[in-house]
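I opened this entry to look at one chain on its own and then at how it meets its partner. My notes follow in the order I looked things up.

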Amino acid sequence: MIWTAVLLTAVGCYALKVSGWFVPASWLERPRVRTAATLLPVALLSGLVVVQVFGSGRNLVVDARAAALLAGAVCLWLRLPFLVMVVVAAATAATIRAL
Amino acid sequence: MFTGASQFALVGVLGAGGSAVAGVAAALLLGTRNAMYAVTLAHLLPMSRRRRLVAAQVTIDESTAVAVTAPRSLAGVGFWTTAVGVYVLWNLATFLGAAGAATVDTTALGLDAAVGAAFLGLLWPRLGKHRRVALGGAVVAAFAVPVLPAGVPVLLAAVAVLPALLRPVGEEP
């Protein structure tokens, strides 16, 4: 099941890219299509942050993950590299859990 | 698949106990932006059909950003160098992560917590212009978590784009 999902996503994501390279630009360059493609990642990523950080089954909780997110945000605000930010976030959560 | 946000989304939804359908749907919705990148690149870098099939696989945030911001004469070089570099390193890291997953305690290392931060990192460069959509997605997802099955709140966050889509064309928020 998991591998089917992975394969389906891989094929689908590639198909989306190919469509952009081969389809006449006028089909995809309508303002609404462009707006949707620009904004969908914003909304989904934002939703993913909330679910990933505060979700616990069907509850919303504030735990070590929230501290990790805050630490990550500080790193991003300081314009530190992505990898540094991820490591700092993980270390923050690990430290709080070890206390 | 080679598009990081979709990869993270699928893993995130499945890891949180969400259904495969919700995971695939979220990943594909995130992948729609690559089609727009491809349209831009096809215009900027004309190439043969066969090369386009290869270029499609490496059409991602990073390679597009480099190609679009590089001086016109270097756009192709920038695109392919970034594409190959990220492709090799990203997949190597994915492989190492998968191979090492069984041997480490991901919770003790805080790796589960780093996923949320990684999503924030992907979101960050888009926050300047689209803060309202991001806030909308977050609020919708937060309200959906207690009442809907895992994975669905993420999909529902997509409705945050509707106000922008329903606005008459050409009007900026």
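I started with the secondary structure of chain B and found 8 helices and 0 strands. Reading along the sequence, I wrote the pattern down as α-α-α-α-α-α-α-α. I kept in mind that this is a predicted model.

Next I looked up the overall dimensions. The C-alpha trace of chain B spans about 50 × 50 × 25 Å along its principal axes. Chain B has 173 residues, and 47% of them are buried. I also checked contacts in chain B between residues at least 6 apart in sequence: 50% of these join residues at least 24 apart.

Then I turned to helix α5 of chain B, residues 75-100. I noted F79(B), T82(B) and A83(B) as buried in α5(B). The buried residues of α5(B) pack against α2 (20-44) and α4 (61-69) of chain B.

Last, I looked at the interface. How many residues of each chain are in contact with the other? I got 63 residues of chain A against 72 residues of chain B. On the chain A side, elements giving two or more residues include α1 (2-22), α3 (31-54) and β2 (59-60) of chain A. α3(A) gives the most, with 22 residues. By class, I logged 43 nonpolar, 13 polar and 7 charged residues on the side of chain A that touches chain B.

How values were computed:
Residues are numbered from 1 along each chain as its sequence is written. Chains are lettered from A and ligands numbered from 1 in the order in which they are written. This is a predicted model: local features need pLDDT of at least 70, side-chain atom pairs count only at pLDDT 80 or more; totals for chains, interfaces and linings use all residues. Helices (H or I, at least four residues) and strands (E, at least two) are DSSP runs, numbered from the N terminus. The expected span of a helix is 1.5 Å times one less than its number of residues. A residue is buried if 20 or more other C-beta atoms lie within 10 Å of its own, exposed if 12 or fewer, and partly exposed in between; C-beta atoms are placed from the backbone. Two residues are in contact if their C-beta atoms, placed from the backbone, lie within 7 Å. Ala, Val, Leu, Ile, Met, Phe, Trp, Tyr, Cys and Pro count as nonpolar, Asp, Glu, Lys and Arg as charged, and the others, Gly among them, as polar.
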